[in-house]
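Visitor: I am new here. Please show me the structure, and then let me ask about it.

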Amino acid sequence: MRFEPVIGLEVHAQLDTETKIFCSCSTSFGASPNAHTCPVCTGMPGVLPVLNHQAVTFAIKTALATNCTVARESRFDRKNYFYPDLPKGYQITQYAAPIAEHGHLDIELEDGSEKRIGITRIHMEEDAGKLIHDPDRPKSMVDLNRTGIPLVEIVSEPDIRTPKEAGAYLRKLHAIVRYIGVCNGNMEEGSFRCDANISLRPVGQEEFGTRTELKNLNSFRNVEKAIAYEIQRQTYRLEEGHKIVQETRLWDTARNRTASMRSKEEAHDYRYFPEPDLVPLIVDDDWMTEVRESLPELPDAKKARFMEQYDLSGYDAAVLISGRSLADYFEAAAKGLKEAKLAANWVMGPVLGLLKNGEITIENVPVNAGQLAELLKLLEANTINAKAAKTVFDEMVASGKTPAEIVKAMGLEQVSDQSALDDMVTQVMDANPEELEAYRGGKTKLFSFFMGQIMKQSRGKADPKVITQILKEKL
Amino acid sequence: MELHALTIAQAKKLLADREISSVGLVSAMLDRIEAHDAKVGAFLTVDRKGALAAASAADARLANGEDAPLLGIPVALKDLLCTTGVRTTCGSKILEEFVPTYDATSVDMLKKAGAVIIGKTNMDEFGMGSSTENSGFHVTRNPWNLDHVPGGSSGGSAAAVAARMCTASLGTDTGGSIRQPASHCGIVGLKPTYGRVSRFGLVSYASSLDQIGPITRTVRDAAIMMNVIAGHDPKDSTSAAVDAPDFTSALAEFDANGLSGMKAGIPKEYLGMEGLDPEVEKAFADARKVLEDLGVEIVEVSLPHTDYAVAAYYVLAPSEASSNLARYDGVKYGARQKDADGLIDMYKKTRSKGFGPEVQRRIIMGTYALSAGYYDEYYGRASRVRTLIMDDFAKAFEGCDIIISPVAPTPAFKIGENVDDPLTMYLSDIFTLSANMAGIPGLSVPCGISETGLPMGLQILGKRFDEMSVLRAGYGFEQSAPSFPGLPEL
Ligand SMILES: [Zn+2]
């Protein structure tokens with residue numbers, strides 16, 4: 001029997017607000033334990049939550065960017081469970097009435113076709129704290145800095161069928177939340193986390209099989225690997241005549257396998273009920289309009305525009321829009337050029353070549369987009385040639401000087417003057433009579449020899465187009 | 001002059017005229033506590049040092065000619081209102097050592113108005129009870145008869161005012177916890193409209209029902225206290241964004257126009273109710289007569305879902321409580337039991353030893369009502385009943401300005417009489433808890449005294465945010481016999 005995997009993803013994205021969702025504590029990462037806490041986020045008796053307006057705006061942004069319908073009225077609920085990283089004994093979340101529903105993302109499959117992945121819902125909630133276990137003593141400590149950091153949980157429909165599709169969906173979602181500036185997307189710091197629900201069913205069967213939930217998938221690669229592993233594990237189980245047990249499984253990065261964490265019987269009864277300390281969240285038309293207008297161009301639209309406006313290939317456009325800052329850099333560099341493709345090549349080549357993981361990013365790359373534009377204009381105006389341009393670029397990186405300064409200091413202006421080049425060509429022809437004879441005798445391959453000699457004589461400054469023309473005439 | 005017997009209004013005048021000092025007034029209260037609280041048991045914590053310091057500061061301001069609504073007045077707080085640096089136990093062993101790092105908004109407002117916080121009063125643990133017998137520390141006795149309960153859960157706050165250990169106090173009311181002890185102690189208690197007073201810093205029992213309010217000797221004092229504590233608080237999302245009126249102007253309204261033209265509804269479901277004490281019935285009939293004599297027109301109204309109110313309340317309140325009290329698990333809050341074997345065992349031991357039996361009973365009830373498969377049957381249905389009760393009141397108020405009833409079906413019972421019978425205890429909340437379900441204001445004002453010398457109260461309910469009509473009627477009623485029922489001897 002052949003089986004078809006059915007996969008749904010639950011993504012938790014930390015909203016990049018200044019302050020926490022229900023208090024005014026900072027959300028910044030890396031502070032010493034419990035430095036960013038107050039009576040509200042530590043659940044001190046008597047405190048009450050006050051919803052962060054910015055967090056709601058970010059959730060609405062996320063919803064609009066994923067084609068969801070935003071609810072005019074949504075509500076918060078309490079999810080009750082005991083755990084030491086949860087000081088109130090409950091998490092405030094949206095259970096019965098989430099802020100947004102019924103969205104989708106279109107992903108590109110390997111064969112170039114598109115597939116639509118439905119988004120069931122997006123809801124807001126607060127993050128929990130973190131336990132730090134002392135390796136030497138049987139002791140655990142609690143860090144509540146993360147407690148109360150706003151999250152959106154984005155739940156997909158079970159529309160995904162392969163690990164690759166899961167990866168494509170996740171990368172797309174990741175690009176979107178970073179694009180619209182609601183989440184920094186840092187998977188290592190846990191700003192963007194993914195759980196996966198996986199079940200198998202015989203091909204052709206409508207109803208779903210028993211599913212397992214995978215946790216601890218902290219990179220795109222791990223998501224794909226874990227899902228592939230789990231599909232294989234479930235396939236073997238079913239082929240051997242076993243039943244799949246509904247359970248939560250953890251991905252073990254070191255061993256490349258999933259292992260059971262808790263069964264359905266051990267699952268919590270969260271006893272959800274409406275959070276009585278908060279009033280219903282009303283999103284009126286004004287708020288919606290304000291958020292809609294603040295929404296930047298989304299990756300798909302930008303890619304289409306780049307292909308159209310700059311006459312770029314799909315590949316080039318995809319590379320350039322992969323980050324909002326990169327896309328902005330490209331557009332600034334292309335400004336005023338006749339051929340945007342020139343800027344695209346330079347951005348994708350020399351500029352991206354300068355980036356170093358984490359250290360040098362497109363935001364702080366030593367040659368900014370304005371400087372690059374200046375250089376490319378010199379190139380386009382034939383003031384310098386391509387070879388000189390690369391020399392100038394390297395010097396810009398090294399010295400931080402402007403292209404004009406460098407060109408002048410190094411004497412790199414291209415020589416396009418007809419009479420000067422005429423003389424130069426004549427000189428080279430006179431100096432190489434044997435080659436001249438051979439060429440005229442039919443060895444036309446020697447054309448590049450003459451070109452090379454002239455470039456050498458001009459120290460690379462001669463305009464190759466003009467020389468070609470003169471050479472053709474004189475040879 | 002008996003300083004401890006002064007009302008806020010009287011003390012304010014004498015303080016302003018420099019005839020008495022705040023230190024003198026506060027000292028008189030502290031002496032009174034010293035002398036009598038061993039037998040009454042109204043207080044859990046007396047902040048002698050803090051109170052005297054605040055009193056001298058108030059005297060300095062008074063000497064400067066400054067004025068503030070409660071400048072120099074000694075006020076006691078129910079011990080589930082958070083106070084910076086002063087332990088806040090909620091009447092529970094589990095919070096015996098809990099010292100908040102912040103003031104409740106109402107406490108902050110009292111302090112800003114110049115009030116001197118004299119101490120924290122006893123209560124049923126986390127507000128769960130109607131007699132203050134469920135305190136984790138000790139019982140509080142009724143100053144009118146020490147063998148009887150003072151009511152609850154704000155029993156300490158009511159007893160402290162009746163016993164003249166403070167000029168006024170704050171209580172909280174989730175199902176009658178201000179009005180019922182005020183009734184049992186022969187004083188005035190007001191539960192404001194839900195959302196009128198910030199709940200920030202009130203340790204939650206049932207968040208959707210809890211409300212802070214004043215317990216005072218007179219209706220005027222209640223209005224003065226309301227002027228201080230009412231108003232929108234951005235820290236409480238459920239606090240209403242409506243401006244608070246000058247509540248004392250309701251009294252001026254009575255002085256100018258009496259009560260004529262006012263309509264008072266009596267719910268027909270409340271009449272001849274089973275378990276209604278004949279003395280309470282008689283006192284209520286007399287009160288009705290007094291109001292009629294003041295020109296109030298009495299009309300019959302109907303609250304058809306009254307029968308379901310208690311049942312629904314005892315699903316909703318424990319459900320919320322089971323969640324609100326989850327944080328007392330020994331990790332961050334709640335006295336941790338150290339002899340535990342692992343985390344789960346620590347949770348169990350901490351909560352089993354820290355919480356009293358009534359709190360455990362309600363946590364179990366609430367946990368059950370919210371559990372998977374039962375939610376719709378219990379919490380869902382109770383919520384629908386609540387909506388129906390709200391509708392009942394809205395409809396009833398179409399035909400009247402206020403609704404009157406007894407506060408409690410009986411005068412204060414004997415200590416220990418009902419401890420093994422929670423159901424009788426729950427049913428005694430019938431007249432009061434509907435107001436919490438509907439979110440409307442309710443006042444308790446003394447209206448009778450039993451043959452055994454125990455006070456009884458008249459409850460006056462009003463429309464949402466119409467404390468003015470309630471206070472006007474209560475004040476008018478009070479003025480018909482201004483010195484009733486007097487003060488209990490200790
Ligand atoms: Zn905080």
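Visitor: Which domains does the domain assignment of chain B give?
Guide: This is a predicted model, in which local features need pLDDT of at least 70, side-chain atom pairs count only at pLDDT 80 or more, and totals for chains, interfaces and linings use all residues. Residues are numbered from 1 along each chain as its sequence is written, while chains are lettered from A and ligands numbered from 1 in the order in which they are written. Domain bounds come from an automatic or database domain assignment. For chain B that gives domain 1 (3-261 + 404-479) and domain 2 (306-385).

Visitor: How many residues of domain 1 of chain B are in contact with domain 2 of chain B?
Guide: The C-alpha centres of the two domains of chain B lie 27 Å apart. Two residues are in contact if their C-beta atoms, placed from the backbone, lie within 7 Å. Domain 2 of chain B brings 23 residues to this contact, and domain 1 of chain B brings 28.

Visitor: Which element gives the most to the side of domain 1 of chain B that touches domain 2 of chain B?
Guide: Helices (H or I, at least four residues) and strands (E, at least two) are DSSP runs, numbered from the N terminus. Two helices of chain B give two or more residues to that side: H14 (422-427) and H15 (430-438). With four residues, the one that gives the most is H15(B).

Visitor: Where do the buried residues of helix H8 of chain B lie, seen down its axis?
Guide: A residue is buried if 20 or more other C-beta atoms lie within 10 Å of its own, exposed if 12 or fewer, and partly exposed in between, with C-beta atoms placed from the backbone. In H8(B), residues 249-257, the buried ones are Ala250(B), Leu251(B) and Phe254(B). They fall within an arc of 105° (taken from the directions from the helix axis to the C-beta atoms), so they line one face of the helix.

Visitor: Which exposed residues does the face of H8(B) turned away from its buried side carry?
Guide: The buried side has its cover, which includes helix H7 (219-229) and helix H16 (467-479) of chain B. The face turned away carries Asp255(B) and Ala256(B).

Visitor: Which helix gives the most to the side of chain B that touches chain A?
Guide: The contact takes 26 residues from chain A and 34 from chain B. On the chain B side, H10 (306-324), H11 (343-354) and H12 (357-370) give two or more residues. The top giver, with three residues, is H10(B).
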